[in-house]
Amino acid sequence: MDLPLQTLALLLIVFIVIILTLLYHARALDRRRTFSRRPLPALEALRRGLGSGAETGRALHLSPGSGVIGARATTAETIAGLLAAERTATEAALSGIPVIASSGDAVAHLALRGTLRQAYQRAGLGQDYDAGNVQLLAQQDPMAYASGVVTLYGRQRLEASQLIGSFGYEVLLATEAGAQSGIPQVAGATTSTALPLIYLTADGTLIGEEIYAAEAYLSRAPEAQGRLLTHDALRTVTIVAIVVLALWQSLIGL
């Protein structure tokens, strides 16, 4: 009986902290205060692609990976990839740059279609959105999805490729093909199997938690900045709580 009550109290405390943190950062952003952020040079290749794509007419490729929304191991990374894709698609739409997007799961595919439609609508160019440019390359088969990306790379010349989301060792197949084709690639993942391979083959690598911050670096939208500040605040609270609990347990043990 005690355990459920303790769990409920903990969840209530976490919920209150999250709400208060969101409200605080929303207020701070409404006051147009400036916040310092460390540089994220991995995104430079993507920014160059956004700058030159309007002149060349070549498309940008956006991918949240081959992860499954709803699976414990891949949901967070896939959602981070979708948010980053939305921000990049908005900037591309404003500059008149074509966008091609791909995914490796049917649910993620539907989410990606909605994400890109929203990006075009946010840019005031909803009529330019083409659902045919959002492709489902495989269904919950990472290697098949990576092979699909290789085929996509070979069909047309791309200005840049953004691969941020859920990836494993199969990412090497895609990024190596992109490197050989001379396509600037910005890739990010959280798995130890993917990160070394990305680092060796991509022009920019987002490591671990950087994929969750990418949307705030790709856009100045208040909600994106608020989420980044909230993540940082909650991470700090979590670290402090872990340290306090560890010290408390040590004192009790004495």
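Ile164 stands opposite Gly188 in strand β5 of this predicted model. Four bridges join β4 to β5, and the two strands run parallel. On the β1 side, β4 also pairs in the parallel sense, over six bridges. There, the bridge partner of Ala59 is Leu158 in β4.

How many of the nine residues of β4 are buried? Nine of the nine are, so β4 is largely enclosed by the rest of the structure.

**The sheet**

β4 belongs to an open sheet of six strands, in the order β3-β2-β1-β4-β5-β6, with parallel pairing. The edge strands are β3 and β6 (204–207), each of which pairs on one side only. From one strand to the next, the twist averages 15°. β1 is joined to β2 by three bridges, again in parallel. Within that pairing, Leu62 has Ala101 of β2 as its bridge partner.

| Strand pair | Bridges | Direction |
|---|---|---|
| β1 and β2 | three bridges | parallel |
| β1 and β4 | six bridges | parallel |
| β4 and β5 | four bridges | parallel |

In a regular strand, side chains alternate between the two faces of the sheet. Helix α2 (residues 44–56) lies across β1, β4 (158–166) and β5 (185–189). α2 runs at about 140° to β4.

**Ser102 in β2**

Ser102 lies in strand β2. Is Ser102 buried or exposed? Its relative accessibility is 0%, so Ser102 counts as buried; the cut-off is under 20%. A polar contact of 2.7 Å joins it to the side chain of His61. Another, of 2.8 Å, joins it to the side chain of Tyr145.

Leaving aside neighbours within four places in sequence, the contacts of Ser102 include His61, Leu62, Ser63 and Pro64. Gln135, Leu137, Tyr145, Val149 and Leu152 are also among them.

**Helix α4**

Helix α4 covers residues 106–122. At 1.5 Å a residue, its 17 residues should span 24 Å; the end C-alpha atoms are 24 Å apart, which agrees.

An α-helix has 3.6 residues a turn, so residues three or four places apart point the same way.

At the start, a side-chain oxygen of Asp105 reaches to within 3.2 Å of the backbone nitrogen of Val107. After the helix comes Gly124, whose phi is positive, near 80°.

**The whole chain**

The protein has nine helices and six strands. Of its 254 residues, 44% are buried. Consider the contacts with a separation of 6 or more: residues 24 or more positions apart account for 70% of them.

Technical notes
Residues are numbered from 1 along each chain as its sequence is written. Side-chain values use heavy atoms; hydrogens and water are left out. The expected span of a helix is 1.5 Å times one less than its number of residues. A polar contact is a pair of N or O atoms within 3.5 Å; within protein, one must be able to donate a hydrogen and the other to accept it, and residues adjacent in sequence count only if both atoms are side-chain atoms. Two strands pair if DSSP finds at least two bridges between them. Axes are lines fitted to C-alpha atoms, for helices over the stretch in contact, and angles run from 0 to 180 degrees between N-to-C directions. Contact means heavy atoms within 4.5 Å. Buried means under 20% relative accessible area, exposed over 50%, partly exposed in between (1.4 Å probe, protein chains only).
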